[in-house]
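Reader: I am new to this structure and would like to understand the words used to describe it. Could you show me the model and then take my questions one by one?

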Amino acid sequence: MAEYPNSFDKQALLACARGELFGPGNAQLPEPPMLMMDRITEISGDGGLHGKGHVVAEFDIHPDLWFFACHFPGNPIMPGCLGLDGLWQLTGFNLGWRGWQGRGYALGVGEVKLTGMVRPDRKLLRYYVDFTKAIETRRLTMGVADGRVEADGEVIYLVKDMKVALSAS
């Protein structure tokens, strides 16, 4: 496993988005406004609910975030797909953090349950990713994880079997 910190501030996440953290051609976060977290507070390759790795991250909610103005004008909510994308982003970040090579991409998700909404009055989203599998072979580099998103401590998204892979191409 590579030697990276166990937490990352916004500047480190932006360095990852620029391709500076894990090196050219490797796992990379999107730049704002698609970067769906402000900091990673915990990351491991052997922790979490299944002992196969985890990530915990936070996203500060502000009423002026770009999606509130356009995702239902007059009834602003954060699109659920952005919360799912945040979980995928963190799953791929964990693979790069492990020192595994290749560019990340989402392969799919088994199940998504949305039980709440993110409105402009919310203050903090917390993402939890718990790996069920982390595979690195000559032919395949992939993480499979479950996730949840909490808004101000309330569980609002539950996700099973997210799949993210790394590829040299």
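This is a predicted model: local features need pLDDT of at least 70, side-chain atom pairs count only at pLDDT 80 or more; totals for chains, interfaces and linings use all residues.

Reader: How do you know what span to expect of helix 3?

Author: The expected span of a helix is 1.5 Å times one less than its number of residues. Helix 3 covers residues 80-97, which is 18 residues, and its reach of 26 Å from first C-alpha to last is close to the 26 Å expected.

Reader: Why is Ser-167 called buried, and why does Ile-135 count as partly exposed?

Author: Ser-167, which lies in strand 7, has a relative accessible area of 17% and is therefore buried. Ile-135, found in strand 5, has 26% relative accessibility and so counts as partly exposed.

Reader: What does Ser-167 touch, and with what is Ile-135 in contact?

Author: Contact means heavy atoms within 4.5 Å. Not counting residues up to four places away in sequence, Ser-167 touches Gly-102, Arg-103 and Tyr-105, while Ile-135, with its neighbours within four places likewise left aside, is in contact with Trp-100, Leu-140, Thr-141 and Met-142.

Reader: What makes a set of residues the largest nonpolar core, and which of its residues have the most contacts inside it?

Author: A nonpolar core is a set of buried Ala, Val, Leu, Ile, Met, Phe, Trp, Tyr and Cys residues joined through side-chain atoms within 4.5 Å. The largest one has 44 residues, and those with the most contacts inside it are Ile-40, Met-78, Phe-93, Leu-125 and Tyr-127. Helix 3 gives the largest share of this core, eight residues.

Reader: What makes a space a pocket, and what is the volume of the largest pocket?

Author: On a 1 Å grid over the protein atoms alone, a pocket is an open set of points with protein on both sides within 12 Å along at least five of seven lines, and lining residues have an atom within 4 Å of a point. The largest pocket has a volume of about 240 Å³, and of its 16 lining residues the closest to its centre are Gln-28, Trp-88, Gln-89, Gly-104 and Tyr-105. The largest share of this lining, five residues, again comes from helix 3.

Reader: What makes Asp-152 and Asp-161 stand out in phi?

Author: Phi is near 50 degrees in Asp-152 and near 60 degrees in Asp-161, each a positive value in a residue other than glycine. Asp-152, found in the loop between strand 6 and strand 7, counts as partly exposed at 41% relative accessibility, and Asp-161, in strand 7, is partly exposed at 34%.

Notes
Residues are numbered from 1 along each chain as its sequence is written. Side-chain values use heavy atoms; hydrogens and water are left out. Helices (H or I, at least four residues) and strands (E, at least two) are DSSP runs, numbered from the N terminus. On a 1 Å grid over the protein atoms alone, a cavity is a set of points where a 1.4 Å probe fits but cannot get out, and a pocket is an open set with protein on both sides within 12 Å along at least five of seven lines; lining residues have an atom within 4 Å of a point. Grid points are joined across faces, edges and corners, and a volume is the space filled by probe spheres set on the points. Buried means under 20% relative accessible area, exposed over 50%, partly exposed in between (1.4 Å probe, protein chains only).
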